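This briefing concerns a single protein model and is arranged by topic. Please consult the sequence and the coordinates alongside the points that follow.

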Amino acid sequence: MDDTEAVLEELARLPTLAHPTASPDGDEVALYYDISGRNEAHVVDVDIGDSEQWSAGEVPRNARWPIEWSADGDGIYFHLDEGGNEQNDIHLLERDGATEPVVEMDGQVVLADVGSDGETLLVGGSRDGQMNLYRHDRSTGETTKLTEYERAVHGGELSPDCDRIAYTTNETDDFDNLDVYVADADGSNARNLDIGAVGAEATAVDWDSTGTRLLVSDNTNDTGRAGVYDLEADEITWYAETEYDESPAFFTPDGERLLTTRSRDAMTVPVVYDLDTGEGRELDLPDGVASFGMAGESVLDDDRLLLTHTTPTRRTELLTYDLSTDETSVLVEADHGRFESSDFADATYFTVESDGVPETQAEAVDHDPAETFDIGALLYDSGERPSPLVVNPHGGPRGRDTLSFDLYTQVLAAQGFSVLKVNYRGSTGRGREFIEALIDDWGGAEQGDVVVAAEHVLDEHDWLDEDRVVVFGGSYGGYSAYWQLVQYPDLYDAGVAWIGLTDLEDQYENTMPHYRTELMEKYLGTPEENPDLYRERSPVTYVENNDAPLLLVHGVNDRRVPVSQARLYREALLDAGYEEGEDGDFEYAELGEEGHASTDQEQKLRMFELLADFLDRRVADSEPN
């Protein structure tokens with residue numbers, strides 16, 4: 001094994017924890033952890049710190065989906081699919097290691113909440129097409145459909161006594177709109193709480209312990225804010241109205257405080273608010289990214305919380321935080337294997353003004369200047385001189401890159417590639433206006449933002465090699481990789497498109513129903529309504545613009561972005577006269593037993609090796625163009 005292979009394997013083997021969730025009594029924390037080499041369910045004793053592995057291969061290899069405690073604290077519910085296809089069913093893992101299927105339905109099933117009565121599960125399901133809510137009764141084994149909406153139902157929260165549900169959906173003609181509903185436990189008497197303006201997004205987050213107040217979010221005033229809706233008085237009190245985007249997280253058990261997370265530049269900072277005074281303060285944590293689990297999953301007692309914390313050079317660690325003393329305690333330490341934090345590439349955050357039109361010539365679609373924004377970005381310096389540059393747009397597109405540890409970035413840096421991440425218009429953490437700037441404009445100004453940031457770092461840093469610039473992305477970042485190569489071919493010397501979109505009409509027809517409505521229609525309308533836009537913003541339309549070696553990678557079990565997306569692009573390349581192979585114009589790999597990416601160590605290593613081999617042959621030692 002050469003040095004590169006050894007480093008890739010060591011990075012892939014770094015243990016990763018995911019989805020920590022507190023038990024009902026707050027004495028234990030269940031989480032996914034792959035310290036054994038495979039993802040398994042572990043339970044940590046909060047007071048002692050000891051960890052016990054409950055599963056032995058029964059839980060998924062991929063830790064994408066969360067886990068939930070049973071009401072009695074003697075079991076853990078988990079999502080199980082086939083080969084990463086995300087067509088989940090819900091299973092129960094008991095303390096003694098026994099497992100059983102609990103909710104089995106066609107389509108995707110998502111566990112939304114576990115009732116305190118021990119009998120009720122609230123689940124989202126796409127059995128009948130669109131994602132709607134179902135109630136599962138553990139005593140009878142019956143699963144009953146509760147909602148019947150044309151648009152997807154988001155979330156789902158059971159009241160403390162399990163007699164009501166709160167959820168989010170949209171019945172208006174405005175695709176940007178989301179409203180909060182409260183209904184009886186059987187789905188009847190659903191009431192829209194009419195929070196915020198039509199066209200804004202309001203969501204249900206958490207019930208208080210009395211069942212009389214509901215924690216909600218809203219972005220009517222642009223940045224996200226937290227509100228407490230008094231269901232008896234039909235009144236709402238707003239908190240977290242600041243210049244920063246804030247997302248409500250949960251009430252404390254005593255009902256006196258609420259927690260949010262604040263997006264500040266590229267950091268995520270927890271904030272606690274006093275419900276009586278309205279005063280808030282950031283928790284005393286180092287700069288970086290601190291995260292909570294879903295509502296109720298991060299509460300140990302009235303004062304102690306469970307959270308994760310990470311930085312660009314420090315992997316995720318699991319902490320408890322005492323609100324009364326601002327003291328932290330480590331439950332699961334950050335594990336860096338043989339590496340030190342100083343071995344990893346650090347990130348520098350900066351902003352650059354962009355109107356979406358870079359200096360680099362656009363070859364596919366011409367654009368007029370859009371609204372000028374300050375675009376945030378992160379540059380990771382590999383230390384190589386001169387250094388090739390990987391431009392790495394994030395997925396989503398509703399997502400953002402942060403000052404957190406990113407394994408793919410460190411894999412690239414270990415090979416000598418500096419990495420640029422860009423929070424283009426449409427990214428989260430900057431408010432409603434910034435998000436909505438991407439509507440009707442996929443492949444437009446947001447892709448220009450990426451290039452403006454790339455041009456900026458190439459101009460500012462003479463140690464970056466402008467003749468070795470690569471674009472690499474997954475999911476919507478994969479769409480960006482395809483689009484960057486056909487829209488701005490003069491900038492790039494190679495590209496890697498992973499689980500990316502290439503043909504928007506095919507994506508619309510073949511993705512899951514809730515992605516069709518809440519992603520495709522929300523941003524682009526339907527192919528019938530906007531056929532020219534669907535064709536114009538599909539990378540496959542301009543396949544002949546490709547002018548650099550390209551690696552296409554896709555999981556065969558992907559239901560979000562079906563493998564047909566890669567196959568159509570491959571066929572179009574071949575039809576256009578491009579040659580496939582290691583010495584050809586493009587290379588192609590389909591990943592078996594894998595869906596929309598994977599956290600499994602073996603599958604991560606496979607992707608690392610594909611990426612490293614391609615970049616080593618095509619870029620690392622290549623002569624300047």
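Of the contacts in this predicted model that have a separation of 6 or more, 55% are between residues 24 or more positions apart. The secondary structure of the protein consists of ten helices and 36 strands. With a radius of gyration of 24 Å, close to the 25 Å that the globule rule gives for 625 residues, the protein is as compact as a globular protein of that length.

**Overall dimensions, surface and charge**

- Along the principal axes, the C-alpha atoms occupy a box of roughly 65 × 55 × 45 Å.
- Of the 625 residues, 60% are buried.
- The exposed surface comes to about 23900 Å², and carbon and sulfur atoms supply 39% of this area.

**Helix H5**

- Helix H5 covers residues 476-487 and reaches 16 Å from its first C-alpha to its last, close to the 16 Å expected at 1.5 Å a residue.
- Twelve of its twelve residues are buried, so H5 is largely enclosed by the rest of the structure.
- Among these buried residues are Tyr-476, Tyr-479, Tyr-482 and Trp-483.

- Thr-313 lies in the loop between strand E26 (304-311) and strand E27 (314-322).
- Because its relative accessible area is 15%, below the 20% cut-off, Thr-313 is classed as buried.
- Leaving aside residues up to four places away in sequence, Thr-313 touches His-336, Ser-341, Phe-344, Ala-345, Asp-346 and Phe-405.

**Backbone geometry**

- Most residues other than glycine have a negative phi, and most peptide bonds are trans.
- The peptide bond from Arg-385 to Pro-386 is cis, with omega near -10°; Pro-386 is located in the loop between strand E30 (373-380) and strand E31 (387-391).
- A cis peptide bond also joins Gly-396 to Pro-397, with omega near 0°; Pro-397 is placed in the loop between E31 and helix H2 (407-414).
- Glu-86, which is not a glycine, has a positive phi of about 65°. Glu-86 is in the loop between strand E6 (75-80) and strand E7 (89-94), and counts as buried at 1% relative accessibility.
- Glu-593 likewise has a positive phi, near 55°. Glu-593 belongs to the loop between strand E36 (586-591) and helix H10 (601-620), and is exposed, with a relative accessible area of 54%.

How values were computed: Residues numbered from 1 in each chain as written. Predicted model: local features only at pLDDT ≥ 70, side-chain atom pairs only at ≥ 80, totals over all residues. Heavy atoms only, no water. Helix = DSSP H or I, 4+ residues; strand = E, 2+ residues; numbered from the N terminus. Rg over C-alpha atoms; globule rule 2.2 N^0.38 Å. Buried < 20%, exposed > 50% of the residue type's maximum accessible area, 1.4 Å probe, protein only. Contact = heavy atoms within 4.5 Å. Areas by Shrake-Rupley, 256 points an atom, 1.4 Å probe, with all protein chains shown as cover. Expected span 1.5 Å × (residues − 1).
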